[in-house]
Amino acid sequence: MNNFKIALMAMVSLTFFSCDNEDDNDSSLSGTGEISVTFDNGYDGNDLILDVANVANENGEALTVSRFSYIVSNFSLIDTDGNEYVYPKDDSYFIINQEEDLEDVTLADIPAGEYTTLKFGIGVDDEKYQEGGEVQEEFWELAEANNLTWSWTAGYKYINYEGTFTSETITEETNYKIHLGRLGDQVNYEEVILELPTNVTVSDEMDSNIHLEIDASKILTAVTSLLLSEDAILMTNAEKAPLVAENASEMFVVDHVHNGSGH
Amino acid sequence: MMKDLKNFNKKVILIVLLLSSFLNAKANDTSNLYKSCCEKHSNIFDFDEEFCDTCGCGSSGGSMGYGTGLNNNFIGVRYIRQQYRSRDGIFNDSPWIQENFNTIQAWGNFPVSDRILINTIVPFQFHNRVLPDNTEENISGLGDMSVLVFYNVLKIKPDSIVSIKVEHYLQIGGGIKLPTGAYDQENNEGSINPSFQLGNGSLDYILGLNYGFSYRNWGVSTMLNYAIKTENKDNYHFGDQFNYGVNAYKTYYLSNTVAVTPIVGLAGEFYGENKEFNSPVANTKGDIFLGKLSLETSYNNYSLGLVSMLPISQNLNSNKVELKNRTSIYLNINF
């Protein structure tokens, strides 16, 4: 029995020894890290699946979405001290496209720290637009390839949201097209500010992910109800375009933050 | 005979303990290696460890208990199968991933003295999950071993004295769960079950209490245990876990050598929120309440047990994870 007790004590002490030296994570964050933002497109709580009918929205209209793409831009992060880190503007334009499975925005070289808030815009701001075509040729071509442009003078489509719908009065599947962009001097660019449920942390050793849930149904319902049965084509309607922009700015919710492992 | 058995006990315990300290040291040294080879792991020990910490405290027994629910000493082998499903995605209609957690464990309750007994579990895990696109992922390997020491607060009457009075037992104890099962951060990405691991990667402390009483061939046993979990090397910290269970049983003696004991029970588990780099991880808290039905058949000092547990209610990981069932078979030698 004595042998046994000695063995037991030896083993217990060994365990403590071997496990004690693992606390090397002094919480001073240094260097830079990567933050990815996932735009997970959904529709009223469900996954958004193109060409599959969704349940009727609050306006009593049932949409089958065939195309959903948009431009997100001008990312910035606010840290726990209230300082804002603005991601370099020239690199801060991205395309999300459900048809092509483009859903991730990667922000590289973010200064180490803990951030409480994510900010970005939907579409292309006036300043960028005024730079002219030559400066932004590369992004213009990318946008063009994703059906997010009109002619250069008319500019970018910030959102391209198309499909068919039915309503109480319109029982045949009817096409709808919502293309949001600037209309002359009306910029229609909207800023989104999302407070994170958990701070996102980055450093040399940690890349992290912010996972957003997007509710496409909000484009017609969030702030102002827009009836497709009244206007199924919303492109150059200067009265409703700002309402679409405002609604769309409400479609982003943070589902969760994943610290330390990318996604 | 008794003496042989005691020597045998001692040897087994020594081997288990030495092995566990060796493997513990080894696991610490090679965790990078595990990571780089993308080995998938998880570790569920006992029945209960599923998701919040499928792995972690699993080895400690969860609501399945460290023992059989009967108050006895034994060494044996137990197989546990747990079927879960978890959402692959963040949406209400996201598809399910089917998960099967299998554990084979060497387990035992070894008396060290009249008052002290040691409980150890050494698990081997082999898990698989089927993703919505029908691809399968498999992980297997050693799980997290646990060693607990229990003290009999009440004096135990020798078995040979058949009492017609109510006999009580009360055991309090504690122990450790070693990070011998591999924990792979890669398995823990996205919104899927963070517990698809062989181990939780951390040294955990377990507190346990067993109380029961028997009257003639009737008995009731209860158990409580609490696992205090620590942060692992990948800065992931599974939430603490509290388990309880109540069993009632009656033994029928079919002959001098054969007895059958049906057991009915209720059990529950509570899981605290996981943390990563000290930040809470969304959708990792949970609780589950289970019903249990089992049958132990003994022949001389061999016993064969069949256990099934079904959830009565559950709220795991914001309902993104669901237990479907647990079943277990064990073959023990009692002493």
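A: pLDDT is the predictor's confidence in each residue, on a scale from 0 to 100. It applies here, as this is a predicted model.

Q: What is the mean pLDDT of chain A?

A: Chain A has a mean pLDDT of 89. In that chain, 89% of residues reach 70 or more.

Q: What does chain B average?

A: Chain B averages a pLDDT of 79, and 75% of its residues score at least 70. The pLDDT is below 50 over residues 8–52 of chain B. That stretch still has 152 contacts in the model beyond near neighbours in sequence. Residues 54–61 of chain B also stay under 50, with 64 contacts beyond four places in sequence.

Q: Where does pLDDT stay under 50 in chain A?

A: Over residues 10–26. The model has 15 contacts for them beyond four places in sequence. Where pLDDT is low, the predicted coordinates should not be read in detail.

Q: What does the model score in ipTM and pTM?

A: The ipTM is 0.81 and the pTM is 0.77.

Q: Which residues touch the most other members of the largest nonpolar core?

A: Start with the general idea. In soluble globular proteins, nonpolar side chains tend to be buried together. Here the largest nonpolar core has 56 residues, and A:I71 and A:V244 touch the most other members. Strand β3 (residues 62–79) of chain A gives this core its largest share, 8 residues. Beyond four places in sequence, the contacts of A:I71 include A:Y93, A:I95, A:V124 and A:Y158. A second, separate core holds 15 residues, among them B:F110, B:L117, B:L148 and B:L203.

Q: How many bridges join strand β6 to strand β7 in chain B?

A: Count the bridges, then check the direction. Strands β6 (residues 167–177) and β7 (residues 204–215) of chain B run antiparallel and are joined by 11 bridges. B:Q171 stands opposite B:N210 in β7(B). β7(B) also pairs with β8 (residues 218–228) of chain B, antiparallel, over 11 bridges. There B:G212 faces B:S221 in β8(B). β7(B) and β8(B) form a hairpin with 2 residues between them. In the turn, B:R216 has a positive phi of about 50°.

Q: Why is one side of β9 and of β14 in chain B left without a neighbour in the sheet?

A: Read the strand order. Three strands of chain B form an open, antiparallel sheet in the order β9-β13-β14. β9 (236–237) and β14 (279–280) stand at the edges with a single partner strand each, so one side of each has no neighbour in the sheet. β13 (residues 275–276) pairs with β14(B) over 2 bridges, in the antiparallel sense. B:E276 has B:S279 in β14(B) as its bridge partner.

Conventions: Residues numbered from 1 in each chain as written. Chains lettered and ligands numbered in written order. Predicted model: local features only at pLDDT ≥ 70, side-chain atom pairs only at ≥ 80, totals over all residues. Core = buried A, V, L, I, M, F, W, Y, C linked by C-beta atoms within 7 Å. Buried ≥ 20, exposed ≤ 12 C-beta atoms within 10 Å, placed from the backbone. Helix = DSSP H or I, 4+ residues; strand = E, 2+ residues; numbered from the N terminus. Contact = placed C-beta atoms within 7 Å. Pairing = 2+ DSSP bridges.
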